[in-house]
Amino acid sequence: MSGGHSAFDLGTLDRLGRGTSPIHRLDPRAKLLVTFVFILAVVSLDKHAVGDLLPFFLFPMIILARGEVPFRFVARKIAVVAPFAVLVGIFNPLVDREVMLRIGEVGISGGWLSFVSIVLRVVLTIGALLLLVATTGVPALGRAAERLGAPRLFVTQILGLYRYLFLLVDESQRTLRAYRLRAPDGKTPSWRLFARILGQLLLRAVARARRVYDAMLARGFDGEVRLIGDLRFAGRDWAFLVLWIAIFAVLRFLHPARLLGDLLLRGTP
Amino acid sequence: MSHHRIAIENLGFTYPDGTVALTGVSLEVVHGESVALVGANGAGKSTLLLHLNGVLMATEGSVVVGDLPVTRETLPNIRRAVGTVFQDPEDQLFMPTVFDDVAFGPLNLRMPADQARARVQACLEQVGAWHLRDRPPHRLSAGEKRRVAVAAVLAMSPDILLLDEPSTGLDPRGRRQVIELLRGFAHTKLIVTHDLDLAVELCPRAVILDAGRVVADGPTNRILGDDALLERCGLETPPSARPCPRCGYGPADARV
């Protein structure tokens with residue numbers, strides 16, 4: 001009934017978010033913080049970094065395995081955003097032609113390095129965010145964000161948006177189906193018609209918002225949404241948090257890939 | 001003295017676009033009564049309901065709930081005393097999980113967390129939905145949504161329950177569960193419905209609205225057995241108020 005087949009596959013993400021793996025059972029605040037630090041570490045590396053980025057794949061791979069998230073699901077979602085990353089970096093090889101790295105006879109320019117670096121970073125950050133949502137669920141993330149000091153109004157907005165997104169997707173699918181059933185040649189709606197359908201959806205959404213607000217008022221809503229905070233930060237949450245942040249710090253500042261490389265090169269003169 | 005009564009006096013309401021929704025409606029519902037409010041589409045049933053929980057304010061005539069007139073000043077008390085189960089549970093279940101949704105009302109009443117948690121559990125158990133507590137509302141069946149919506153309203157411990165079309169969109173089993181649930185409540189109830197069989201089962205008294213006016217008010221069996229009246233109001237005699245097509249034995253005989 002709910003939009004399991006929507007473009008972004010919210011239904012699957014939502015179902016995954018309610019799993020029971022060891023990663024799911026961690027406190028959402030621990031996962032939120034670790035993911036935040038991970039993204040900071042990844043995006044703050046030098047713009048030509050490629051070798052330094054590779055060890056960072058350890059984190060998403062472990063979460064993927066321990067969190068019982070299907071690899072295909074994450075891969076498909078990343079494939080959706082990958083073209084944007086390619087678009088952002090595609091001109092770098094043309095602009096920056098200075099050779100920075102030699103592998104045998106082939107010289108690799110800084111442009112190509114930064115291009116690969118951008119793509120890797122997008123895969124890492126989007127992957128980590130997807131895994132965060134798939135192993136935590138949006139409601140728990142909202143709660144965690146609120147407890148970590150995010151503005152309550154903002155959190156309420158996000159949670160409300162998430163709640164009614166499913167209905168909106170359902171409603172748009174029904175509207176489109178109604179259109180298709182009466183469009184004899186089954187072609188997609190023209191832009192003019194599409195605008196009108198969108199207008200319809202907006203009007204319906206506004207009417208629903210009105211009814212939801214009435215229902216909130218009827219239960220004593222006074223402008224503040226209150227939640228019962230049932231989060232408990234246990235030993236394993238601390239371990240998860242401290243361990244990963246330590247690993248990210250080592251990868252970010254000590255460049256073990258580079259050290260390893262130097263070590264190997266020195267070993268073979 | 002009873003706080004569980006509703007007194008509507010000469011209520012009139014016109015929507016901003018000029019549509020007259022209610023004209024001179026007077027109605028009294030006493031403690032513990034269960035009243036069905038029936039009428040065709042657009043008869044003014046939902047508009048009347050919205051006046052009883054203060055979503056709409058009387059512009060003509062007056063509405064008194066318990067001993068308080070429904071005004072802006074008394075609104076917090078009115079909303080605690082009157083629980084409304086809206087027609088579409090999707091409108092009513094707006095929190096991320098069932099648990100949070102049922103806790104919404106008690107927390108707005110400034111109930112301490114521990115007490116609120118116990119209240120949520122008690123209400124969800126009462127409607128047989130405690131096992132659904134961690135689900136998001138979009139993962140519930142229509143019947144489950146309706147039961148959770150009822151629990152969310154019960155959690156405010158209202159004196160009076162208003163129900164807008166409680167059986168719409170439910171399959172026979174879901175409808176039966178909701179009827180049995182409502183039968184178990186001792187609250188003063190006002191049930192807006194097209195489901196006249198539900199009215200016969202749950203409400204000894206029925207009120208018919210037609211074009212914004214009260215056209216009949218009395219025992220449900222008598223009113224819903226009056227074919228001519230129902231026809232005039234765009235309604236139809238429900239099977240349970242009709243004599244048996246085989247033997248002719250009917251509700252009229254049962255009451256003798």
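## Salt bridges

A salt bridge is counted here when a side-chain nitrogen of Lys or Arg lies within 4 Å of a carboxyl oxygen of Asp or Glu. By this rule the count over all chains is 25 salt bridges. The structure is a predicted model, in which local features need pLDDT of at least 70 and side-chain atom pairs count only at pLDDT 80 or more, while totals for chains, interfaces and linings use all residues. Side-chain values use heavy atoms, without hydrogens and water, residues are numbered from 1 along each chain as its sequence is written, and chains are lettered from A and ligands numbered from 1 in the order in which they are written.

One of the salt bridges is formed by the side chains of B:Asp100 and A:Arg143, at 2.5 Å from N to O. B:Asp100 belongs to helix α4 of chain B and A:Arg143 to helix α7 (residues 138–147) of chain A, so this pair joins two chains. Helices (H or I, at least four residues) and strands (E, at least two) are DSSP runs, numbered from the N terminus.

## Interface of chains A and B

Between them, chain B and chain A bury about 3000 Å², with 56% of it on carbon and sulfur atoms. Buried area is the accessible area (1.4 Å probe) that two parts lose on being put together, summed over both. In chain B, the residues that lose the most area to chain A are B:Asp91, B:Phe94 and B:His138, together 22% of what that side buries. The contact (heavy atoms within 4.5 Å) takes 34 residues from chain B and 32 residues from chain A.

Between chain B and chain A there are 8 salt bridges. B:Asp91 takes part in a salt bridge with A:Arg208, with 2.7 Å from N to O. On the side of chain B that touches chain A, two or more residues come from each of β6, α3 (89–92), α4 (98–108), α5 (113–126) and α6 of chain B. The most come from α4(B), with 8 residues.

## Six-stranded sheet of chain B

Chain B has an open sheet of 6 strands in the order β6-β7-β8-β3-β9-β10, with mixed pairing. Two strands pair if DSSP finds at least two bridges between them. At the edges stand β6 (82–85) and β10 (213–219) of chain B, each with a single partner strand, so one side of each has no neighbour in the sheet. The twist averages 15° from one strand to the next.

Strands β7 (residues 160–164) and β8 (residues 188–192) of chain B run parallel and are joined by 5 bridges. B:Ile160 has B:Thr188 in β8(B) as its bridge partner. Helix α1 (residues 45–52) of chain B packs on this sheet, touching β3 (34–38), β6, β7, β8 and β9 (205–210) of chain B, and its direction makes about 150° with that of β7(B). Axes are lines fitted to C-alpha atoms, for helices over the stretch in contact, and angles run from 0 to 180 degrees between N-to-C directions. Helix α6 (residues 142–154) of chain B also packs on the sheet, touching β6 and β7 of chain B, at about 165° to the direction of β6(B).

## Four-stranded sheet of chain B

An open sheet of 4 strands in chain B has the order β2-β1-β4-β5, with antiparallel pairing. Its edge strands, β2 (20–29) and β5 (68–69) of chain B, each pair on one side only.

Strands β1 (residues 6–14) and β4 (residues 60–65) of chain B are antiparallel, with 5 bridges joining them. B:Ala7 has B:Val64 in β4(B) as its bridge partner. Helix α1(B) packs on this sheet, touching β1, β2 and β4 of chain B, and its direction makes about 120° with that of β1(B).
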